[in-house]
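Subject: Structure handover

Hello,

Here is the structure I said I would pass on. Please open it next to this email and follow along.

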Amino acid sequence: MQLNIKLAVIAAAVALAACGKKEEAAAPAAAPAAAPAAEAQVVKIGHVGPTSGAIAHLGKDNENGARMAIEELNAAGLTLGGKPVKFELLAEDDAADPKQGTAAATKLVDAKVAGVIGHLNSGTTIPASQIYNDAGIPQISPSATNPKYTRQGYQGAFRVVADDVHLGGTLGKYAVQTLKAANVAVIDDRTAYGQGVADEFEKGVIAAGGKVVGREFTNDKATDFNAILTTLKAKKPDVVFFGGMDAVAGPMLKQMKQLGINAKFMGGDGICTSELPKLSGDGMADEQVYCAEAGGVEGEQKAGMDKFRADFKAKFNADVQVYAPYVYDAVKVMANAMVTAGSADPKVYLPALKATNYKGVTGNIEFDEKGDIKNGALTLMTYKGGNRTTIAVIR
């Protein structure tokens, strides 16, 4: 049978040759075309902080936290509605200036970001929040503590740290009950943050039975405080509280030492940075400065924060200043809401953001009806040998 087939093939070939035709080799069968990879949808997330000016070190710290989160999200191969997604960070500088902050907010709205993480300062966060609200864009602040931010009735305004009512009031109570201050002086920088936290501190002092012997103010770009400090020195305060940022607190501490003011120095999260010892030079004595970070972890959660700090240092060759972990978590919370909803459309993912229950490096994150974090922690700190030392985490 095989022989007959072979003979038939040969005969056919001979016949074709006789007609002057050559049999061409059959082309190999084409391999099935591979299915084209689904093109990743790009989701833009904005970040705003002061990356120029006196507190640029804090703004860059925050921005680096956002970049770290974005890189990890993109490496995770996430999908939205069954399609791969690539997150893109649009970072803007507001220089801690309200006008520049609203300009940055408008720029992000025009760029059609799906959400915003920021701003760092209350004074920039609050005016910018109206722009985001009008555009229907959710905003999570990692560090703005003025209560007004989440009390404007904006459905898309959230924060992942405790507010000044908790922070300032706790510090005021601590000054009287633990530091045993009979006379307290208060200074603020007249920003939304500085004045707000100073007001709450003063209320806390009075509620705890303490006495405020003087209230002075400066501004967030000042460098000379001799006049107000001389006025307060005459009132012999046991504690001087400053509502403002570390860039002003550092020189203030130097001038307190020069004037012979031996009072304890207190402040909110704005001064509670790893940079403060450098900014104050030799003006800071051990256990002279007491401050509170509007957040904190303890127990088993501490391991996650320690790992974040180590990873951050390895990546950016810089220590965490204050709020990089909160920015990192805020980005992850926003992305998680999008993944849960299967969409980056703010109208679609906002309900999932409101219902957040996320375990981050800064602890468990859930929001109340105003957009504030539930059961927010505070970390009380002092400085020894130029380093921050945790006294206690309280809620």
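Below are notes on salt bridges and on one helix.

This is a predicted model: local features need pLDDT of at least 70, side-chain atom pairs count only at pLDDT 80 or more, and totals for chains, interfaces and linings use all residues. Residues are numbered from 1 along each chain as its sequence is written, and side-chain values use heavy atoms, with hydrogens and water left out.

Salt bridges

Side chains of opposite charge can pair when their charged atoms come close. A salt bridge here is a side-chain nitrogen of Lys or Arg within 4 Å of a carboxyl oxygen of Asp or Glu. The search of the whole structure finds 23 salt bridges.

One of them joins the side chains of Glu 92 and Lys 107, at 3.5 Å from N to O. This pair links distant parts of the chain, 15 residues apart: Glu 92 is in strand S3 (residues 83-93) and Lys 107 in helix H3 (residues 98-110). Helices (H or I, at least four residues) and strands (E, at least two) are DSSP runs, numbered from the N terminus. Glu 92 counts as buried at 17% relative accessibility, while Lys 107 is partly exposed at 49%. Buried means under 20% relative accessible area, exposed over 50%, and partly exposed in between (1.4 Å probe, protein chains only).

Asp 163 and Arg 151 also meet in a salt bridge, at 3.4 Å from N to O. Their positions are twelve residues apart, with Asp 163 in the loop between strand S6 (157-159) and helix H5 (164-177), and Arg 151 in the loop between strand S5 (139-141) and S6. Asp 163 is buried, at 12%, and Arg 151 is partly exposed, at 44%.

A further salt bridge, between Lys 203 and Glu 200, has an N to O distance of 3.3 Å. These two are separated by about one helical turn, because they lie three residues apart in helix H6 (residues 192-207).

There is also a network of salt bridges that links Asp 188, Arg 190, Asp 199, Glu 202 and Arg 215.

Helix H10

Which residues of H10 are buried? They are Met 305, Phe 308 and Phe 312. The face turned away from the buried side carries the exposed residues Ala 303, Lys 307 and Ala 314. After H10 comes Asn 317, with a positive phi near 55°.

Regards
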